[in-house]
Amino acid sequence: MVASLLIPSEESQNLAKLMRPEPLPDGREPEGRLVVCGLSWDRYLAFDQALGDDRPSPRLYYLDGELEIMTTSSEHERVKKWIGDLMAVFFEEAGTEIMPRGQATMRAALVEAGAEPDESWCIDGEKEFPDLVLEIALTSGGVRKLEIYQRFKVPEVWFWRRGKLELFALLPDGGAYESVERSRLLPALDPELLARRVAIRSWQEARRAFRAGLKGS
């Protein structure tokens, strides 16, 4: 069934339309998610290889035998682009040295987890896994992303949900995340300022307004 939906045909396209999530309240299209259970690690790797390298879609997340296959939408990609570009402005203004990792695949057989985040960054030097991960979640469901990133000991995970950022910081013992109001990695960043600028539909205006907000003007 899953394979038939991934292989273009008139019948599978009709079924895919019926499985498409309802539009967002503003009428825009959300991402689509399909979770397949009972998949071994080797089968996950084989499926990923069969899809090919450097593909724009779908994105894969794997955790303990569950595989999430996610397709993005125009609004998903817009929000990702806006946040990524605004964060570049913030890092530049703050003089913070970073190594962008973007959607680079995170994968480890030992912990049976894999992810392709929307955006990710290493702060103050390149590392095996990023310090900060961003996930755009216009729809709910899917595999447990926080548990995936906890296994990689990612210090912070940000979710964009319902028009705002939700920030989670890894506890000192590395066993779980806790919700926080401001980033512990980037305490100078105002999440509400960032969210307000992401809502601006003009890329140029959003960048100008965000930079002005950082400077207090």
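Is Gln204 buried, exposed or partly exposed? Gln204 is partly exposed, with a relative accessible area of 43%, where buried means under 20% relative accessible area, exposed means over 50%, and partly exposed lies in between (1.4 Å probe, protein chains only). The views below come from a predicted model, in which local features need pLDDT of at least 70 and side-chain atom pairs count only at pLDDT 80 or more, while totals for chains, interfaces and linings use all residues. Residues are numbered from 1 along each chain as its sequence is written, and side-chain values use heavy atoms, with hydrogens and water left out.

**View 1. The whole chain, with its seven helices and 11 strands.** Helices (H or I, at least four residues) and strands (E, at least two) are DSSP runs, numbered from the N terminus. Of the 217 residues of the chain, 45% count as buried.

View 2. The buried residues of helix H3 (residues 41-51) are Trp41, Tyr44 and Asp48. These residues lie on the same side of H3 because they cover an arc of only 60° around the axis, the arc being that of the directions from the helix axis to the C-beta atoms. On the other side of H3, Asp42, Arg43, Gln49 and Ala50 are exposed. The cover over the buried residues of H3 includes strand S2 (59-63), strand S3 (66-71), strand S5 (106-108) and strand S6 (113-115). Just after H3 comes Gly52, which takes a positive phi of about 100°.

**View 3. The largest nonpolar core, with 31 residues.** A nonpolar core is a set of buried Ala, Val, Leu, Ile, Met, Phe, Trp, Tyr and Cys residues joined through side-chain atoms within 4.5 Å. In soluble globular proteins, nonpolar side chains tend to be buried together. In this largest core, the residues with the most contacts inside it are Ile83, Met87, Trp158, Trp160, Leu186 and Leu194. The elements that each supply at least two residues of this core include helix H4 (74-94), strand S8 (132-136), strand S9 (156-161), helix H6 (191-198) and helix H7 (203-214), and the largest share, eight residues, comes from H4. Leaving aside its neighbours within four places in sequence, Met87 is in contact with Trp121, Trp158, Leu186, Leu189 and Leu194. A second, separate core of 18 residues includes Met70, Phe152, Phe159 and Leu170.

**View 4. Leu132 in strand S8.** Leu132 is buried, with a relative accessible area of 0%. Apart from its neighbours within four places in sequence, Leu132 has contacts with Glu119, Ser120, Trp121, Val154, Glu156, Trp158, Leu185 and Leu186. Pro100 is 32 residues from Leu132 along the chain, and the C-alpha atoms of the two are separated by 9.8 Å.

**View 5. The pair of helices H6 and H7.** The axes of H6 and H7 come within 9 Å and cross at roughly 160°; axes are lines fitted to C-alpha atoms, for helices over the stretch in contact, and angles run from 0 to 180 degrees between N-to-C directions. That angle makes H6 roughly antiparallel to H7, since angles under 35 degrees count as roughly parallel, over 145 as roughly antiparallel, 65 to 115 as roughly perpendicular and the rest as oblique. Where the two helices meet, Leu193, Leu194 and Arg197 in H6 are in contact with Ala206, Ala209, Phe210, Gly213 and Leu214 in H7.

**View 6. The crossing of helices H4 and H6.** The axes of H4 and H6 come within 10 Å and cross at roughly 130°, which makes H4 oblique to H6. Arg78, Val79, Trp82, Ile83, Leu86 and Met87 in H4 meet Leu194, Arg197 and Val198 in H6.

**View 7. Two loop residues with a positive phi.** Most residues other than glycine have a negative phi. Asp64, however, has a phi near 50°; Asp64 is in the loop between S2 and S3 and is partly exposed, with a relative accessible area of 39%. Lys153, also not a glycine, has a positive phi of about 60°. Lys153 is found in the loop between helix H5 (145-151) and S9, and at 45% relative accessibility Lys153 counts as partly exposed.

How values were computed:
Contact = heavy atoms within 4.5 Å.
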